Amino acid sequence: MKKTIFLLLAAVILFPNLAWAWGDTGHRIVGQVALCHLDKKVDKKVRALLSGADLPMECTWGDFIKSDTIYKEFSSWHYCDFPSNVSREAFDTLALDNPDGECVYRVRYLADHLRKNPDDTVMLKILIHIVGDLGCPMHLARPNDRGGNDLLVKWFRTPTNLHNVWDARLIESQKLCYTEYAHHLYNTQHAPEQVYSKGKEIDWAWETYQLAEKIYSYQETHDDNLSFRYIYDFLDTLNHQLYITGCRLAAVLNYIYGK
């Protein structure tokens, strides 16, 4: 019994937030950015469907339900792993029919489903989470290391994995709450207006996959003890990714509820 408890504790220390995209703060940053770009009527509709809850707080629901077997069917919706060096043509095919996760396809599925069934609050909560996952590079990473979960690194000499670095450690290094972070992004980031239509989710996923490839390439030529230099090299990329993902979440919601 003691040995089992020890192993569980070790797993928590070494692999925190296993397979969770962005972590709580990151998902809420995405939701807060989305609020800034929602049509006012859409914001009102979504808030009513969420029983008055703020969108950023509901963005984490998709991870919290992983402990409930009722929602087991959603487990493969959070990621879509791809081999390295996939061509755009092969990527487009895999994105909609991938044995290693359904994240890309499910964004399209949920957008279509909610256009027809706008009051389905469970699927709405899943959607706002999955769009966030679509923007997290380690959720469109490689199947051989489970999206970086098996790629062990150190974060300021503390053992962790590459997945967790992008889920949480980089974001936490800025020492900001999600509202402060989103406010900073809104004031400093710039991106073309995001409009959703069927097929856009594949374009967005391709950009995330290319970022994942860049992260892997960097890791192959650098020390596995990640610290200030890693923050310096990737903070601008992280900030852009959080911001553009929030803009895209708003675009999907405006598409569904702005009709």
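1. Start with asparagine 98, which is buried at a relative accessible area of 12% (buried means under 20% relative accessible area, exposed over 50%, and partly exposed in between, with a 1.4 Å probe and protein chains only). Asparagine 98 sits in the loop between α6 and α7; helices here are DSSP runs of H or I with at least four residues, strands are runs of E with at least two, and both are numbered from the N terminus. The side chain of asparagine 98 reaches the backbone oxygen of aspartate 81 at 3.0 Å. Leaving out neighbours within four places in sequence, asparagine 98 is in contact with Cys80, Asp81 and Phe82, where contact means heavy atoms within 4.5 Å.

2. A word on what you are looking at. This is a predicted model, in which local features need pLDDT of at least 70 and side-chain atom pairs count only at pLDDT 80 or more, while totals for chains, interfaces and linings use all residues. Residues are numbered from 1 along each chain as its sequence is written, and side-chain values use heavy atoms, with hydrogens and water left out.

3. Now for helix packing. Two packed helices are described by the angle between their axes and the distance between the axes. Helix α6 (residues 88-96) and helix α11 (residues 200-220) have axes that come within 10 Å and cross at roughly 115 degrees; axes are lines fitted to C-alpha atoms, for helices over the stretch in contact, and angles run from 0 to 180 degrees between N-to-C directions. On the α6 side the contact is made by Arg88, Phe91, Asp92, Ala95 and Leu96, and on the α11 side by Ile202, Asp203, Ala205, Trp206 and Tyr209. Sorted by class, this contact has seven nonpolar, no polar and three charged residues. For that count, Ala, Val, Leu, Ile, Met, Phe, Trp, Tyr, Cys and Pro are nonpolar, Asp, Glu, Lys and Arg are charged, and the others, Gly among them, are polar.

4. Next, α7 (103-116) and α8 (121-134), which have a loop between them. The axes of α7 and α8 come within 9 Å and cross at roughly 145 degrees. From α7 the contact residues are Cys103, Val104, Val107, Tyr109, Leu110, His113 and Leu114, and from α8 they are Met123, Leu124, Ile126, Leu127, Ile130, Val131, Asp133 and Leu134. By class, that gives 13 nonpolar, one polar and one charged.

5. The loop between α7 and α8 holds asparagine 117. Is asparagine 117 buried, exposed or partly exposed? Asparagine 117 counts as partly exposed, because its relative accessible area is 35%. Asparagine 117 and valine 165 are 48 residues apart in sequence and 37 Å apart in space, going C-alpha to C-alpha.

6. Back to α11, where you will find threonine 208. Threonine 208 is buried, with a relative accessible area of 0%. Its side chain makes a polar contact with the side chain of glutamine 241 at 3.3 Å. A polar contact is a pair of N or O atoms within 3.5 Å; within protein, one must be able to donate a hydrogen and the other to accept it, and residues adjacent in sequence count only if both atoms are side-chain atoms. Not counting residues up to four places away in sequence, threonine 208 touches Leu134, Gly135, Cys136, Pro137, Leu140 and Gln241.

7. On to the strands. Three of them form an open sheet in the order β2-β1-β3, with mixed pairing; two strands pair if DSSP finds at least two bridges between them. The edges are β2 and β3 (225-226), each pairing on one side only. Strand β1 (residues 152-155) and strand β2 (residues 158-161) run antiparallel and are joined by four bridges. Leucine 152 has asparagine 161 of β2 as its bridge partner, and tryptophan 155 stands opposite threonine 158 in β2.

8. Last, some backbone angles worth a look. Most residues other than glycine have a negative phi, and most peptide bonds are trans. Which residue in the turn of the β1-β2 hairpin has a positive phi of about 50 degrees? That is phenylalanine 156, and the hairpin has two residues between its strands. Arginine 157, in the loop between β1 and β2, also has a positive phi, of about 70 degrees, and counts as exposed at 64% relative accessibility. Arginine 146 has a positive phi near 55 degrees. Arginine 146 lies in the loop between α8 and β1 and is partly exposed, with a relative accessible area of 41%.
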